[in-house]
Amino acid sequence: MNTTKPRQSSPMILYAVMGMTLAVLLIGAGAFMWLSDNGSGGIGIGGPFTLQDGAGKTVTDKTFRGKYMLVYFGYTHCPDVCPTTLNAVADALDKLGAKAKKIVPLFITVDPERDTASVVKQYAAAFGPEFVGLTGTPDEIATVAKEYRVYYAKHPTGPGPDDYSMDHSSVLYLMDSDGRFVAPVRADLSSGEMASNLSKLLG
Ligand code: NI
């Protein structure tokens, strides 16, 4: 132990950490409000993408024209946030009844190394037959994530090549039948709140 360390350093570090934590929380809240404070795609969330579906077939944003896309970015090894969110989406779609037919829920992986076409297919299907899992090359994923302002980063958890988790932002994006951004939907809502929000947004 370094006994020459000034005694004040601990509280100073604590304040610094508290300050940074607050800053991160404010940035998170600000980003969501910034996404929300938007009428009709004025700030350009979303855009053209080219990805692969569960069968390994190339799909683009145009593949889903005519339906609302409910887009979520995550990864299949995610221990909690992704499965919780997708379960809530599945329940919300059940609650929406006939209106749910207007929506195609898309799960886009931010971990294309592990989440191959067959992996995303199986994962998406676990939440319901209407769920579409999409993967792509690292470049294709980077492109679509940038368009949706999605943050993701690899976080090593051990020495092996598979020992990592992915940090990622967690927001649902509702896009209209022409692929234009309608609104974000908070991913941490209950399925009831999510259904109610979606119902209003679908009109
Ligand atoms: Ni996740």
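This is a predicted model: local features need pLDDT of at least 70, side-chain atom pairs count only at pLDDT 80 or more; totals for chains, interfaces and linings use all residues.
Biologist: Nice place to start! At roughly what angle do the axes of H2 and H5 cross, and within what distance do they come?

Modeller: The crossing angle is roughly 55°, and the two axes come within 8 Å. H5 covers residues 191-202. With that angle, H2 counts as oblique to H5.

Biologist: Which residues make the contact?

Modeller: On the H2 side you have Ala-88, Val-89, Asp-91, Ala-92, Lys-95 and Leu-96. H5 brings Ser-191, Gly-192, Met-194, Ala-195, Leu-198, Ser-199 and Leu-202.

Biologist: Let's step back a bit. How many helices and strands are in the protein chain?

Modeller: Five helices and nine strands. Starting at the N terminus, the order is α-β-β-β-α-β-α-β-α-β-β-β-β-α.

Biologist: And what percentage of the residues is buried?

Modeller: Of the 203 residues in the protein chain, 42% are buried. As for contacts, take those between residues at least 6 apart in sequence: 69% of them join residues at least 24 apart.

Biologist: Switching to charges now. How many salt bridges are there?

Modeller: The count is six. One of them pairs Arg-186 with Asp-188, where the closest N and O atoms are 3.0 Å apart.

Biologist: How accessible are Arg-186 and Asp-188?

Modeller: Arg-186 has a relative accessible area of 40%, so it is partly exposed. Asp-188 comes out at 58%, which means it is exposed. Elsewhere, salt bridges with shared partners connect Asp-176, Asp-178 and Arg-180 into one network.

Biologist: What are the N to O distances from Arg-180 to Asp-176 and to Asp-178?

Modeller: The salt bridge between Arg-180 and Asp-176 has an N to O distance of 3.2 Å. For Asp-178 and Arg-180 the value is 3.4 Å.

Biologist: Why does Asp-176 count as buried?

Modeller: Because its relative accessibility is 15%, and the cut-off for buried is under 20%. Asp-178, by contrast, is partly exposed at 45%.

Biologist: What does Val-59 touch, leaving out residues up to four places away in sequence?

Modeller: Its contacts are Phe-49, Thr-50, Leu-51, Gln-52, Asp-53, Phe-64 and Leu-134. Take Phe-49 as one of them: Val-59 and Phe-49 are ten residues apart in sequence, and their C-alpha atoms are 8.2 Å apart in space.

Biologist: Great, thanks for the tour!

How values were computed
Residues are numbered from 1 along each chain as its sequence is written. Side-chain values use heavy atoms; hydrogens and water are left out. A salt bridge is a side-chain nitrogen of Lys or Arg within 4 Å of a carboxyl oxygen of Asp or Glu. Buried means under 20% relative accessible area, exposed over 50%, partly exposed in between (1.4 Å probe, protein chains only). Axes are lines fitted to C-alpha atoms, for helices over the stretch in contact, and angles run from 0 to 180 degrees between N-to-C directions. Helices (H or I, at least four residues) and strands (E, at least two) are DSSP runs, numbered from the N terminus. Angles under 35 degrees count as roughly parallel, over 145 as roughly antiparallel, 65 to 115 as roughly perpendicular and the rest as oblique. Contact means heavy atoms within 4.5 Å.
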